[in-house]
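Morning, everyone. I have one chain to walk through today. Please look at the sequence and the model first.

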Amino acid sequence: MAAGVVEKHSIDVVPDSERHGSAFNQFTLWLGANLHITAVVTGGLAVVFGGDVVWSLIGLVLGNLLGGAVMALHSAQGPKLGLPQMIQSRAQFGVKGAVVPLLLVILMYVGFFASGTVLAGQATARLTHTDDTTGIIVFALVTGVVATVGYRVIHVLGRVASVVCALAFVYLGVRLFDQTDVGALLSDAHFSMPMFLLAVSLSASWQLAFGPYVADYSRYLPRTTSGKATFWWTLAGSALGSQWSMAFGVLVAASAGEKFIDNQVGYVVSLGGAGLAASFFYFVIALGKLTVNVLNTYGGFMSMVTGISGFRGQRVLSQRGRAVYIGIIMVAGTVVALAGKDSFLTSFKDFLLFLLTFFTPWSAINLVDYYLISRERYDLPALFDPNGRYGAWRWDALVVYGIGLLAQLPFLATAFYTGPLVGPLGGADVSWIVGLVVPAVLYWLLARRNAGEWPTEKTGDSPTAVGATAP
């Protein structure tokens with residue numbers, strides 16, 4: 001891809017001649033993508049809904065590490081395959097069958113776009129001296145433009161945001177410690193298993209939600225890039241950035257109470273000062289949200305193309321088509337943001353936990369297939385051929401995915417549904433653990449019968465599995 005030109009690749013394999021960068025790029029991207037106001041609010045939810053500071057912080061660390069490890073395992077697939085994340089699902093669900101998890105992934109992107117745009121729109125409105133509705137629309141348009149340009153500018157934005165937002169969070173942290181008796185907050189520790197597991201689930205769901213698109217941002221790395229390096233740099237950036245933001249959110253929510261609940265953006269900015277200082281922190285909030293909202297828009301575009309192309313046989317997308325797909329994600333997310341901007345906190349918490357129900361089975365199936373069944377080798381041409389090795393529909397995987405969803409329901413606790421086993425567990429939601437374990441075991445038992453050793457050779461600029469026959 002020539003510098004300054006809109007990215008030309010979408011769901012096709014990135015040729016070796018166009019690979020660039022190092023695994024460290026994943027650290028700066030994911031650090032910048034997690035140092036923002038929505039992650040602050042996510043951490044604050046652990047306290048807002050009844051947790052104490054100490055055990056909320058510990059629970060968030062645990063969730064970020066567990067969920068981040070799963071997410072980073074997906075990231076390590078990018079350099080090896082040179083493909084976006086969700087197109088790999090065709091190897092598990094079939095070329096057309098992959099549309100089932102894809103529909104849910106697209107819903108996730110629209111939801112995260114909307115939630116991020118609500119908060120960033122407030123910051124943009126303060127910067128431009130307009131109302132929240134105008135701020136939301138302006139921010140959404142900027143997000144769409146950056147996402148249309150593509151991969152290279154996304155990484156540049158991540159590097160800038162990682163530095164600017166890190167410095168801003170250091171300063172805000174110092175101001176918070178100056179104004180708050182943190183020692184008193186830490187001394188009031190009272191362990192509650194349901195609240196502890198809520199904190200774990202909030203941060204784990206945050207990390208797992210990156211899984212369906214994390215390889216989109218590592219697929220341009222050279223094929224020789226170490227999988228371990230990609231894993232560790234991705235995990236380090238994402239876990240550090242999110243824990244930093246969420247810990248700040250815990251302390252802010254615990255010390256500010258209703259002031260934070262009523263106006264998350266305004267209260268955080270007030271910590272930094274007034275006048276020009278406030279304008280700078282509104283800019284920082286908008287910049288941090290721009291980074292992750294671009295990822296959501298870009299990932300949504302990739303998922304839409306993957307789903308539709310499975311039925312149309314399309315591999316290459318024109319720049320006009322790219323803009324249309326991105327525009328659809330942008331418009332849908334903006335509409336949801338405008339509709340839900342007045343009930344943000346409660347809606348966002350339920351949205352996060354509900355998302356976890358759908359993506360833990362997908363992650364389990366994808367990772368078991370890639371690392372244990374296929375052993376990091378896929379028949380790449382067959383990923384685009386419904387008559388090839390993977391077929392159009394892989395009903396065994398789809399059934400396992402459905403079982404994984406159903407297995408979580410007795411353990412699920414949300415505002416609109418609570419499973420029958422939540423009460424005996426003291427109100428704790430452990431559905432995401434069930435959603436990882438059950439489909440992982442079932443898929444491994446079913447799929448290993450068809451597993452074989454696939455040596456690879458180079459064909460042109462991309463690898464293709466040889467000796468692969470239809471199961």
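Of the 471 residues of the chain, 61% count as buried. Buried means under 20% relative accessible area, exposed means over 50%, and partly exposed is in between, with a 1.4 Å probe and protein chains only. Before going on, some ground rules. This is a predicted model, where local features need pLDDT of at least 70, side-chain atom pairs count only at pLDDT 80 or more, and totals for chains, interfaces and linings use all residues. Residues are numbered from 1 along each chain as its sequence is written, and side-chain values use heavy atoms, with hydrogens and water left out.

Now the overall fold. The chain has 18 helices and two strands. Those are DSSP runs, numbered from the N terminus: helices are H or I with at least four residues, strands are E with at least two. Next, contacts, meaning heavy atoms within 4.5 Å. Take those between residues at least 6 apart in sequence: 86% join residues at least 24 apart.

Let's start at helix H1, residues 24–32. It holds both Phe 24 and Phe 27, three residues apart, about one turn of the helix. Phe 24 is partly exposed, at 37% relative accessible area. Phe 27 is buried, at 15%. The geometry of Phe 27 with Trp 233 is edge-to-face, 5.5 Å centre to centre and 70° between the planes. Trp 233 is partly exposed, at 34%.

How many aromatic pairs does a search of the whole structure find? The count is 26. The rule: rings of Phe, Tyr and Trp (its six-membered ring) pair if their centres lie within 6.5 Å; planes under 30 degrees apart are stacked, over 60 edge-to-face, the rest tilted. Ring pairs also build a cluster, with Trp 30, Tyr 109, Phe 112 and Trp 206 among its members.

Ala 33 sits in the loop between H1 and H2. Ala 33 is buried, with a relative accessible area of 0%. Beyond residues up to four places away in sequence, Ala 33 touches Thr 291, Val 292 and Leu 295. Its C-alpha is 7.6 Å from that of Ser 162, which is 129 residues away along the chain.

On to a helix pair. H2 spans residues 37–48 and H10 spans residues 193–208; they pack at about 160°, with axes 8 Å apart. Axes are lines fitted to C-alpha atoms, for helices over the stretch in contact, and angles run from 0 to 180 degrees between N-to-C directions. H2 and H10 are therefore roughly antiparallel. The cut-offs: under 35 degrees is roughly parallel, over 145 roughly antiparallel, 65 to 115 roughly perpendicular, and the rest oblique. Who meets whom? From H2, Thr 38, Ala 39, Thr 42, Leu 45 and Ala 46 meet Ala 199, Leu 202 and Trp 206 of H10.

Last stop, helix H18, residues 431–447, which contains Ser 431. Is Ser 431 buried or exposed? Buried, at 2% relative accessibility. Leaving aside neighbours within four places in sequence, Ser 431 contacts Gln 408, Phe 411 and Leu 412.
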